[in-house]
Every structure is written in structure tokens, then in C-alpha cells.
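Biologist: Before we look at any single feature, I would like to learn how a model of this kind should be read, going from the arrangement of its elements down to individual residues.

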Amino acid sequence: MRIAFLVFNLAGMGGTSRSAITQANALAPDHQVRLISVVRSADEPHYAIDPRIEVEWLVDDRVEDAPAWGDLPPLTARALHERESTLVPARWDRQFTALCDLALEARLPRITEDVVITVTPGLLGCAIELTPDAVVVVHQEHRSSNERTSGLEPLLAYAPRADLVALLTPSVEHWFRDQLGPLAPPTVVVPNPLPQGWIPRATLEEPLIMAAGRLVPEKQFGKLIDAFGQVADRIPEWRLRICGDGNQRLELVRQIRKWDLWDRVELPGSLPDLAAEWPKASIVALTSRSEGFPLVLQEAMAAGVPALSFDCPSGPREIIQHEVNGLLVAPQSVAGMAAALLRLATDDELRHRLGTGARHSARQYDPAALAERWTGILSDARVRRGDRGRLASRALSPVPRPDADPTTGLVLGDLTPARARSEALRCAVGAARAATDTWLVVPAHEAESPVVVVPMSARAAYLDALREAATSGTAPRWLSLRDPAENGWFERRGTLADLPAELRHGMTSTLVVEPWPEIEGRASVVGQRCGVEVQFWETDAGGALIAPRRNPYTDRIPAGTATVTTEVDGLEVPTLPLMAAATVTEARFPVDVVYTWVDGADAAWDAAREARLDAVAREARDGGAAAATRASSGRARYVDREELRYSLRSLHLFAPWVRRIHIVTAGQVPDWLDVDHPAIHLVDHREILPASALPTFNSHAIETALHRIEGLAEHFVYFNDDFLLGRPVRPETFFTAGGLPEVFLSAQNVGLTDAEGAPPFLAAAWNNRRLLERDFGAVVLANLAHAPYAHRVSVLREVEERYRAEVDATAHHPFRSPEDLSVLSSLAPHLGLLTGRAVVGDLERRGLSYVNISRSDLEQQLRRLTDRQQDFVCLGDHHDHALREERLRAVLGSFLTDYYPVAAPWERTTD
């Protein structure tokens, strides 16, 4: 077979060039192999190349500022070499230039090999665009692609047109296929080979810890020095050697001096034959932020040196089998790395056992064996291609069938978010009890979820316990397990029965047990803020548990720290005394909700409205109050489409912490409402308004008296009946821990001046502004958003006292009037802001979806809400509607029953 490798620079020292050369050398005895290097930066390749391989250089870059290609004039070549590449833009790969483009465009169309193997995404794009159609293109992805800061775009753009993509690890293959879905080409997982040649075996008696790589931030050698520094006094005979050059050398020297380890930490620079150095070591350590398939681990393990590494993307967990050929440490855990160094340095039996496992594991990287495998892979790719062109071959390549949806057939019934989180905690706690005696729970308080803390040493047992709970049926099928996107890993989600087995290969420090966010492709009512986080804490050299990331309480729990029992989501669990106590940012006071509601279809009520309206009209003819307008008194203001029922359901689902719900009506009772339910308090207008103000049909008037409701909590949230919650919220959504209401300002301004015929809500805002400017010298700029209004009874009492005449006049307007105040939806919140008894809330963070139900695109508006990404929903009504009333009710009814499928306990069954 004729095979060409396309490499950027064969003269470089990078692992990609080395891997390509090693593979080419292994294939050379049985195939005709060519290495094509885009640039040449040295007279000879850094790594030895088999003489049977043809080597071809395109752009000669050996002389600084004097690049050369063919017969191109030197000045022209230099000018092109200073320009950005068009084939491979700088955002993909900054190494390529316009001169590289010229050379590639001249050479690649003349490729005669059967197969071209590319080793970077930029080169893949060039091969797809420029090689003859008959050439099979195979791409080898050498980096942790999900962590790639550049090059991701060409990989995903050109990979679907490749005949085959080879990935280094199963985890990266999973990510790759997930990214491309049905467009993914055939893939294989093949590790990089070890360089050819005999490798001596380490005795593991030399007290030397060794690491190698470029001295750059990505390698995080500073963390390795810190880890060694933490245990250096306990292993005084051991040394640390870090081989390599880079711009962080001086910083590392300073860090070594800080630890006073100048005589025990060595920085020898780059060594000409690193493979010959590994047998001198007894431990190899890797602290990189991310890796592809680290050759340093392969080489060291081939010499029988046990490996120690952070569990970083993506190679170490595929190379290291924990407790078999090395040790994995939680990502970025310096304390865990220190404890592992101490353990390997002080346990001779363990070190030798892992060293034997390392040497045995390294056999799979034998270049000859991998070359034989590559021969079969490339032959299969040619057979799939046949005589067809590249695009035709992609059409015939196998399209992966999607995995079966694990949520198929799931029925949640009357499951609420609160009960879902309680069950998730029960499952997470049950696994902790089965895995270890040392665990605790961090209560949520004002956070979204509680945290179960488990020692990292019990991680495997914990995962096994989760799997057992799923397979035995004790864990609900609607629970999923999520491996979050942290420390460079891409997110994964799976069943409690399947995903734990995959996660046992790694040492990531966080999992989430939570309901499936989607069921059969639709966002679930329990899909948000119902999970429980599980954190695996490393144990340091002194036995203390070390947190994997910052938390509000502590970074370290000393061994033997006493716990107390507390209740979290209905379960008795151990926690620290500090964690059981209330926090200064937690709202702990009772909070009520108040609704105003009328049934416009009630004939008796409507007759009273008409009579009152006629009286207002007579007064207007006699020189009294102005006649009510449609905006003030039209029937559309009072139409009931069962929004109240579903708004109350939203409280039951998403705010179960509400103490009591007060529904203010004109003596009306919804036929579906159980008024005897302890959570419900039905309030008649006559209980809070003077008889002289009744009957009233003015929401502004009713709002002036809501603070008079008997038994109303000091802190309450006012809901119009067209306000709904969209997902679980906490009291801190509406109030600070000190009880200050959060005021959600609208982007809509109040305007400059009064305008004739302005809608009543805007006239009321102007009235409010005049009063506040008079008293405080500050002007109101914005209306409040159409979202629930948080209030304090004491502030409303001050409004009534301060503006008694204006409030009383508003209370006696039977319909909305230009002289009204809007006490709850504007005046009181702004007074609170001016007097330090309210704060501006972050509505953008909360999320508000306003739906104008009068528009013709109502269905599209509602469809955008089905992903459940908003805290608040407002179904804004109007007097005129694009949809006929029957259709409007059907569309709204369908949305509301789907979004709020669980009946509240105060709902009665109606015929």
C-alpha cells in the first residue's frame, strides 16, 4: 500500500511529529511510505526516520527571515510567509502562512498515494480540498478535541468528508461522534505507538520522581512542585526532576526556592534521549490541565515506572488503571497528588506492584503490533471507498444509529420537583451509606441543591452502589446520572445502571444525581433544580478531606471532625454543625402570596359591573367623573381562562415554601377551589375595602388595601392571576436575607410627560412619579416588569399613611382612572428603593417570558417556553385577539396542562 503522512514540521520536537514518524517507521517494512512536511525548520528531523521512507519538504524555513519555496523570488516568498493563510486561517492554526498555501496547492493535487494520513485539523482541511478525489483521506486526531482552543472548527467541518477519523481514546471518540451525530464518519480508537527500540527496566529503588514536558502553564508543573513540597519533609531522601524547557522556567525556580527545595528539585532542561532517562526514576508524575495521549506516561510505563497523574482530558485515564499500573488523582487536586506521592514513595510493595503492571500495560503500544492493526484499518478504508469519489463514499458510509432513548415510556404521574429532589437525595445518600462510613451532606440553604460529600477513596464503591440501586429497582427510573463538564471534560449523562461503569475508569470529583431533564425529547417538569450534587473529596497526607473546589464553608475537613444530624429534604443525614446552621444570605422568614381575581363570566357580577358603569356614565354627563374607557372597564379585563388554576399549580410545583395563599375576590369562588384547604385563604373585597368603595372593578383600588388582609405575613409576593412560575424558585428570588424585596424593573420607560389618552397604567406611573419626586427629589424612570411583585406590609402601610388622600381617592375609583396610583406595581417598590427598604433585582438572571396572547403567533410564543428556561411567565391579555376565542382557549389550555401537569392539593374535581 502507498501511504503518505502529511505533517506540518518533521523537524520539530512535538509529540504529533514524533508519533507520525514512529508510525511511518513501523509501516515502512511492508508499505511504500512517504512523509510530507509543510515546513522545514532544521537540517535534519529531530527524530530518526527509516531510510526506506521518502521525505519531502515543501517550504524551507531554516534561515530566519528568508523562507524559500521552489524558484519563487526571495522577497516574494518572504512577503507571502508574513501573510495569513487562506487555507488554514490563523483562528484555526497560526503556524500556516500564505506561502504554505502556495506550496500545498501545488503539491497536494499531485498526490499519487493510495492513502493520505493527516495529523492536524488544518491539514485535514487541506487534504480534503486539494488531494485527488481517488485518494483515501484518514485523519488522526492527536489532541483532546473537546479541550481544543483552536482547530475545533476545521475538525468538525471537514471530518464528515474524511474516509476515517482515528481518535486516541474512547472518551474523545464519544465526544466526537456526539458532536457530529449522523454526519460522523467511520471512527476507530488507536493509541499512539511507543518509539521503536529496546527500553531498559527501572529498578524502582532510586528515590526519584520524574516528570517531563514543556515548561508552560498547560503542564502545571508548579502544582507538582507544591505537591512535592507538602510531603518533602516526610520523604527526605526523595528528589523531583522535571525535564524540559519553556517560558515558565524562572517561575518554577522561584517556586522551588519558596519551598526551600533548591537542592531537591532539578530542572535539567531538555534531554536528548528522554526514553533512556525513565529507567532511573521510580515514579512518573503528570499534572497537566489537559492531554491527548501523553507519550511520557507510555515511555515511563514501558520502563516499568508506575504512573501518577491528574485525571485530565483525555489520555491519562485510558493509560492508567487505578491501583493496577498507577494512581489517578482528582483533577487539579494538589493535596491528592501530594498524598499519592507520599503513598508511592513510602510503600515499596505498592510501587513495585504498580511498576510490574505498568510494564505489562505498555505492551499494547508496541509499534509493530499497532502497524499491523493500522494496515487492516487502512485496507478497510480503501475497500469502503472502492472506485467511488470522496463525497459518494461518505453517502455510503455507515450512519450510526442513535442509542435507545432511556426515557421512553417514563411516566412521572404527580411527581413534583420537591419530591423529585428528595428522592434524588435518598438515592445519593443510600449509595454513600453503602460505600463508606465517612460521608456527610451539605444542606442547600439558599443554594440550588444539597451536596453529598464522599471520600475519593470510596468513589468506585459509590459508583457500584449507584448501579446496584438502579439494577435492583430501588432507584427510580426517572433519575439520571450526570458527569458535569468540568476541568476540560465534556458533559455526559446516562442511566444509573450504565454510566457508573464508564466513570469508574476516571477520577473526576463531581457527579449529579437528578431527574432526566427531557423525557422523550420534551423538557420535564422536574428537569431543573431538582438534582443532588455528589462531590468526591481527596484525602491529604494528614488524613483531612480536601474539597475539589471552593464552597461557602471550608476547603478542608480534618480527620475525625464531629458531625451532627440534621434534616435535609425530609431525610435525617449527618453534616457539620456549621453547615446545619442558617446562613446570613438565606431568607428564613415566612412568605405569603396574594392574588386578585374575578370571574368575568359570573352573570351577577357582570350585572353589577354594568350598573356601576352606567352610574359612572351618568356622573360624567352631570359633570362628575370622566366616563370609563374600554382600557379601564372593558370586559376583556375580567375574562377568566383558568389562568388562576394554573398559576396556583405553579406555586405548588415550584414554590412549595410559600406559607399561605390569599385570594382576593368579589365574593366569588372558583368551582375547582377547595376553600377549606389550610394553604388557601379566600378574602372578600368587603374585608379590606370600605363599603363606600364597593362594588369596585378597579385593580388599582383593590391593590390599595391588600396589606389589610387578616393574617398576612410581613413579606408577601403579589401575583396577578396571569403570572406563573416557570421553574423552581426560592424565597431569595424575591427577598434578600434581610427581608428587602427585589424590584424587577422593566426595560420600558415611563416617558417624558403626560399624554392625553394614555393607558391607565401609564397615567398611574406618572402620578406615582410626581409624588416621589416631590418628596425625595428623584424621578421614576421605568415601569416594573410583568413579574411577581415582592412586598412588605410595613412599606405599604407607610404608603397609605404618607399619601392617604391619593390612596383613598384611588380606592374609591370603581374603574381605572387617570388619577389612580398603582401602589403595588410601582409606587411601593420605588418608595422601597428610595428609602433603603428594597433592592433592584436581576431579572435577566431570573428570566421572564412575556406572552402576548392577543397575537396571531401565540402558538409559536408558547412553544418557545417549552424548554422551561424562565423563572417567570406572564400571559398578557388584550381587548382584541387575532385568534377566535374558542381557538385561543384551546391553545392556552393545551399549553397550561402540558406545562403544569400536576394538580395542586387544593383543587377539587369538577364535572
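Biologist: Across which strands does helix α6 lie?

Modeller: Keep in mind throughout that this is a predicted model. Helix α6, residues 170-180, lies across β6 and β7, and runs at about 165 degrees to β7.

Biologist: In what order do the strands of the open sheet come, and is the pairing parallel or antiparallel?

Modeller: The open sheet has 7 strands, which follow one another as β3-β2-β1-β4-β5-β6-β7, and their pairing is parallel. At the edges stand β3 (54-60) and β7 (187-189), each of which has a single partner strand, so that one side of each is left without a neighbour in the sheet. On average, and with direction ignored, neighbouring strands of this sheet are turned by 20 degrees against each other.

Biologist: How many bridges join β6 to β7?

Modeller: Strand β6 (residues 164-167) is joined to β7 by 3 bridges, and the two run parallel. As one example of the pairing, Ala166 has Val188 in β7 as its bridge partner.

Biologist: Turning to strand β27, how many of its residues are buried?

Modeller: Burial is judged from relative accessible area, with under 20% counting as buried. In strand β27 (residues 661-665), 5 of the 5 residues are buried, so the strand is largely enclosed by the rest of the structure. Ile661, Ile663 and Thr665 point one way from β27, while His662 and Val664 point the other way, and all are buried. As for its partners, strand β26 (residues 591-596) pairs with β27 in the parallel sense over 4 bridges, with Val593 standing opposite Ile661. Strand β28 (residues 680-684) also pairs with β27 in the parallel sense, over 5 bridges, and there Thr665 stands opposite Asp684.

Biologist: How is the packing of two helices described?

Modeller: Two packed helices are described by the angle between their axes together with the distance between those axes. Here the axes of helix α25 (residues 793-802) and helix α27 (residues 823-834) come within 10 Å and cross at roughly 95 degrees, and α25 and α27 are therefore roughly perpendicular to each other. On the α25 side the contact is made by Val795, Leu796, Glu798, Val799 and Arg802, and on the α27 side by Val823, Leu824, Leu827, Ala828 and Leu831. By class, the residues of this contact divide into 8 nonpolar, no polar and 2 charged.

Biologist: Where is Ser854 placed?

Modeller: Ser854 is in the loop between β36 (848-852) and α29 (858-863), and this residue is buried, with a relative accessible area of 12%. Its side chain and that of Asn852 are joined by a polar contact of 2.6 Å. Leaving aside neighbours within four places in sequence, Ser854 is in contact with Gly876, His878, Asp880, His881 and Ala882.

Key. Residues numbered from 1 in each chain as written. Predicted model: local features only at pLDDT ≥ 70, side-chain atom pairs only at ≥ 80, totals over all residues. Heavy atoms only, no water. Axes fitted to C-alpha atoms, helices over the stretch in contact; angles between N-to-C directions. Parallel < 35°, antiparallel > 145°, perpendicular 65-115°, else oblique. Contact = heavy atoms within 4.5 Å. Nonpolar A, V, L, I, M, F, W, Y, C, P; charged D, E, K, R; others polar. Pairing = 2+ DSSP bridges. Buried < 20%, exposed > 50% of the residue type's maximum accessible area, 1.4 Å probe, protein only. Polar contact = N/O pair within 3.5 Å; in protein donor to acceptor, adjacent residues only side chain to side chain.
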